[in-house]
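Q: I would like to learn how to read sheets, helix packing and a ligand shell from coordinates. Could we go through them one by one?

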Amino acid sequence: MTTKSAADPVLVVRGVAKSFGPIAVLDEINMSLAAGERRAVIGPNGAGKSTLFNLVSGRFAVTKGSILLNNKRIDGTAPHRLNRMGLSRSFQITQIFKGLSLYDNIYLAVMSRHKRRWAISRFGPVWKMIHQETEQLLDLAQLTPLARKQAGTLAYSEQRALEICMTVATGPSIILLDEPTAGMSRSETSNMVAFIDRMTKNCTLMMVEHDMDVVFGLADTISVLANGRILATGTPEAIRNNQQVQDAYLNGSTE
Ligand SMILES: Nc1ncnc2c1ncn2[C@@H]1O[C@H](COP(=O)(O)OP(=O)(O)OP(=O)(O)O)[C@@H](O)[C@H]1O
């Protein structure tokens, strides 16, 4: 039986390879994410970023190697089970309840963290805490004025904000962000970066993002994938100054 200490990494990717039939897409991928770390995975089109995300989030099986979440092997685990184990994939999948109010959506997410089911009678300290945490999250997200609005009637960017709020409310060990600003204008993008930054202060994040302003605005470590291998991992500053990375990606990046 494994025990976890505070210094243990939240996520470990160890010697992972992935092939589709004869096509090798990823090889020798090694990564370790500490608690509270915000890691961006960048790289040219076709480098294997989405494949890596799909391996970590349980959508694809690894061909070789292992993936651990909080010291437990998770490669081969179905996405819905991973969700219950604390790995939450946000964006590109809309998981809000459109017929409910924004408040009720967040309330349900906070309830799930406290392992409560909906009940007619909701009195007592735990329900009071659930209500207070919902109010705090609404406040942090600056969504209080919209609390009573039906989620389905919110603007697209507001629905995405609600979704990240719900993700945070469930208290996951790690949040995977899949191009969190895809399809947004410049001003929506910079608002979303500020929003994610505010909402995920103590969360562990792994994100795939093409927009370098988003990457450099949010990540404290960056892994660069090229041709299915990790070319470099380091701070934004180190990655920006890495000649190999510049040659393989940053200088030639059209995004
Ligand atoms: N299901 C699949 N079957 C066969 N090949 C695949 C499959 N999924 C991805 N690939 C191939 O794997 C390589 C990596 O694709 P992937 O989508 O992971 O790259 P990416 O870095 O996310 O690219 P982009 O930035 O364009 O989204 C590509 O050559 C792609 O064609």
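A: Let us begin with a sheet: four strands form an open sheet in the order β2-β1-β4-β5, and their pairing is antiparallel. Strands here are DSSP runs of E with at least two residues, helices are runs of H or I with at least four, and both are numbered from the N terminus; two strands pair if DSSP finds at least two bridges between them. The edge strands are β2 and β5 (72–73), each of which pairs on one side only. This is a predicted model, in which local features need pLDDT of at least 70 and side-chain atom pairs count only at pLDDT 80 or more, while totals for chains, interfaces and linings use all residues. Residues are numbered from 1 along each chain as its sequence is written.

Q: How many bridges join β4 to β5?

A: Two bridges join β4 (residues 64–69) to β5, and the strands run antiparallel; L69 has K72 of β5 as its bridge partner.

Q: What is the order of the strands in the sheet of six?

A: The order is β6-β7-β8-β3-β9-β10, in an open sheet with mixed pairing. β6 (87–90) and β10 (229–234) stand at the edges with a single partner strand each, so one side of each has no neighbour in the sheet. From one strand to the next the twist averages 20°. Within this sheet, β7 (residues 174–178) and β8 (residues 205–208) run parallel and are joined by four bridges, with L176 opposite M206 in β8.

Q: How should I read the packing of α3 and α4?

A: Two packed helices are described by the angle between their axes and the distance between the axes. Axes are lines fitted to C-alpha atoms, for helices over the stretch in contact, and angles run from 0 to 180 degrees between N-to-C directions. Here α3 (residues 102–113) and α4 (residues 125–140) pack at about 125°, with axes 9 Å apart. The two helices are therefore oblique to each other, given that angles under 35 degrees count as roughly parallel, over 145 as roughly antiparallel, 65 to 115 as roughly perpendicular and the rest as oblique.

Q: Which residues surround the ligand?

A: A residue is near a molecule if its C-beta atom, placed from the backbone, lies within 6 Å of it; the ligand is surrounded by F20, I23, V25, G43, N45, G46, A47, G48, K49, S50 and T51. The largest share of this shell, three residues, comes from α1.
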